[in-house]
Amino acid sequence: QDWGRPTGDGFTDISAAPRTNSKVDAPPSNPNEALSYAEHVIGDLLKGDVNDDEQREALQQVAVALRRATADAKNPSREKAANGTTNARLSSHPKDILNKNVGEYISSQFDNSQARPALAQRRKSVQLSENGELITTAAVPTASANRRSVIMRRAGVLPPSIPELEDEEAAELEDMLKNVDSDDEFDVWALDRVTGGNALVMLTWHLLTKVWKSCELLGVNETKLDAWLHRVQQHYVDTPYHNHVHASDVLHLTHVYLRKGLYKRMDDVEIFSLIIAAASHDVGHDGLNNAYHSSRMTDLAIVYNDISVQENGHAHRAFDIMNSHAECNFIDGLERDFTSRFRSLVISNILGTDMVGHKTMITEFETYLNASDDGRDDTVALPSAGFLSKVVLHLADINNAARKWDLAEFWANRCLAEFFNQGDMEKKLELPVSPLCDRSTTDIPKSQIGFIDFVVMPAFVQFARLLPYAQKCVDRLNENKELWKTRDDVSQKAKLMDAHLPYQSVAASA
């Protein structure tokens, strides 16, 4: 969406600056009069006859007028979901003429001739003390901060923990967010670059506050949510594969599946829980699999008795961050029934990403589809509460093989690089080398063909029965399988030298 256009309360608190020399009177309370008032004030703003303080005052009053004139927009009609629940989402824009005028006015404020602060001079918005405590959770605009970035933050587009962006970065971010519903046009690596390494925070914030409006619908504290997201992102380890960008990628695909129709089968709590689970599903992953931890009898394996070692650790860390830091506990004070269900769903979704349970999950899914006429018979119950959201996150987690070829190859190389690092450690420690972790014997193209044939393809064939969009994934899998057949192992292993580079760098050198 165009962030120059208010949606709902988009321009609430547009300026906290003192109000001085204002020529603007308070807007009328009558909705129709408020609408005319807002249009009139915007017209004056477009003439440029007011100073900066008056502009801020006018925008504040326009925000009030728009909220009064478009009160119904805050309560959009709720769609009846396939499972009998209702969903209050996807609200519409206010009046077109007001959208147009506000957009033009905001755009008029972005003068590229103004001096912009250098990237290296951007002030850090969040700092941690030596013991890891959060010192500040909000980025206060500096005097040189560009106006587009400031307006984006005041409109709630930028979360508090992300630093101010330069004008070009802010514009690029706006364009990126418009494509968030597309699996091909949205690039999480580009998002990470533009936001200064904050892709996970930015994407999760955008989905929960602007797209699904979960915070508004469920009463979630946005400031605490942002603080939690920041800490979760910090707890991701910079491994070749299981890093915060991978989490962002899985989160984005999860959103795409929902947007393509699965949201109709879930209520607001399920969607919120699924997005939180996707964001934290690999938090703290050290690049070593469960078999390694069990073989080494690490502390993690001891705590979780060799059962879903990493996945239990991820779920624990997600809630430990929330529970150990009051400023991160975004569900504090909410109803016990909600928090209990939320916690149960998040844990179930994260544990569902353990590949050990893959075959059982897909078998249960197929059985359900057969009994329910591919999900059309809503009298047939799912195998368990939250089962569908667990399937969605698991399939998003293994979807790399079904991406467009250059991205599928890129993620495969990163995954194998991480596997081989583990294999090298296992050899050094004289442990049995885990499957696919021996760089001297693993054939990369053949490993990917096998992964497609025996793991990903059977799962997405079933998924496409419920979600027609997933047929695109099935088609891509067939295409990529044929491309892997044309690759040789030697040249693929040579590409692992670039596995540490971001996607743009690797794609540019291809």
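**Figure 1. Helices that line the largest cavity of the predicted model.** Helix 10 (244-259) and helix 20 (471-485) each contribute at least two residues to the lining of the largest cavity. Helices (H or I, at least four residues) and strands (E, at least two) are DSSP runs, numbered from the N terminus. Helix 20 provides the largest share of this lining, 3 residues. The lining consists of Asp183, Leu253, Tyr257, Asn399, Ala402, Arg403, Tyr469, Lys472, Cys473 and Arg476. By class, 5 of the lining residues are nonpolar, 1 is polar and 4 are charged. Here Ala, Val, Leu, Ile, Met, Phe, Trp, Tyr, Cys and Pro count as nonpolar, Asp, Glu, Lys and Arg as charged, and the others, Gly among them, as polar. The volume of the largest cavity is about 50 Å³, and the count of cavities of 30 Å³ or more is 3. On a 1 Å grid over the protein atoms alone, a cavity is a set of points where a 1.4 Å probe fits but cannot get out, whereas a pocket is an open set with protein on both sides within 12 Å along at least five of seven lines; lining residues have an atom within 4 Å of a point. Grid points are joined across faces, edges and corners, and a volume is the space filled by probe spheres set on the points. The structure is a predicted model, in which local features need pLDDT of at least 70 and side-chain atom pairs count only at pLDDT 80 or more, while totals for chains, interfaces and linings use all residues. Residues are numbered from 1 along each chain as its sequence is written, and side-chain values use heavy atoms, with hydrogens and water left out.

**Figure 2. The largest pocket and its lining.** The largest pocket has a volume of about 940 Å³. Of the 36 residues that line this pocket, His242, Asn289, Met355, Cys415 and Phe419 are the closest to its centre. Two or more lining residues come from each of helix 12 (290-296), helix 14 (309-324), helix 18 (405-428) and helix 19 (444-466). Helix 18 gives the most, with 8 residues. The lining of the largest pocket comprises 17 nonpolar, 14 polar and 5 charged residues.

**Figure 3. Helix 5 and the elements that cover it.** Helix 5 (residues 167-178) has 12 residues. From its first C-alpha to its last, helix 5 reaches 17 Å, close to the 16 Å expected at 1.5 Å a residue; the expected span is 1.5 Å times one less than the number of residues. The buried residues of helix 5 are Asp167, Glu169, Ala170, Leu173, Glu174, Met176 and Leu177. Buried means under 20% relative accessible area, exposed over 50%, and partly exposed in between (1.4 Å probe, protein chains only). Helix 4 (147-154), helix 6 (188-194) and helix 7 (199-211) are among the elements that cover these buried residues.

**Figure 4. Two loop residues with positive phi.** Most residues other than glycine have a negative phi. Lysine 213, although not a glycine, has a positive phi of about 55°. This lysine lies in the loop between helix 7 and helix 8 (214-218). Lysine 213 counts as buried because its relative accessibility is 13%. Asparagine 305, also not a glycine, has a positive phi of about 50°. Its place is the loop between helix 13 (299-303) and helix 14. Asparagine 305 is exposed, with a relative accessible area of 58%.

**Figure 5. Leucine 416 in helix 18.** Leucine 416 lies in helix 18 and is buried, with a relative accessible area of 2%. Not counting residues up to four places away in sequence, leucine 416 touches Leu436, Thr442, Ile444, Ser447 and Gln448; contact means heavy atoms within 4.5 Å. Leucine 416 and glutamine 448 are 32 residues apart in sequence, and their C-alpha atoms are 9.9 Å apart in space.

**Figure 6. Aspartate 374 in a loop.** Aspartate 374 is located in the loop between helix 16 (358-371) and helix 17 (387-397). With 19% relative accessibility, aspartate 374 counts as buried. Its contacts, leaving aside neighbours within four places in sequence, are Leu369, Arg465 and Leu466. The C-alpha atoms of aspartate 374 and phenylalanine 463 are separated by 9.4 Å, although these residues are 89 residues apart along the chain.
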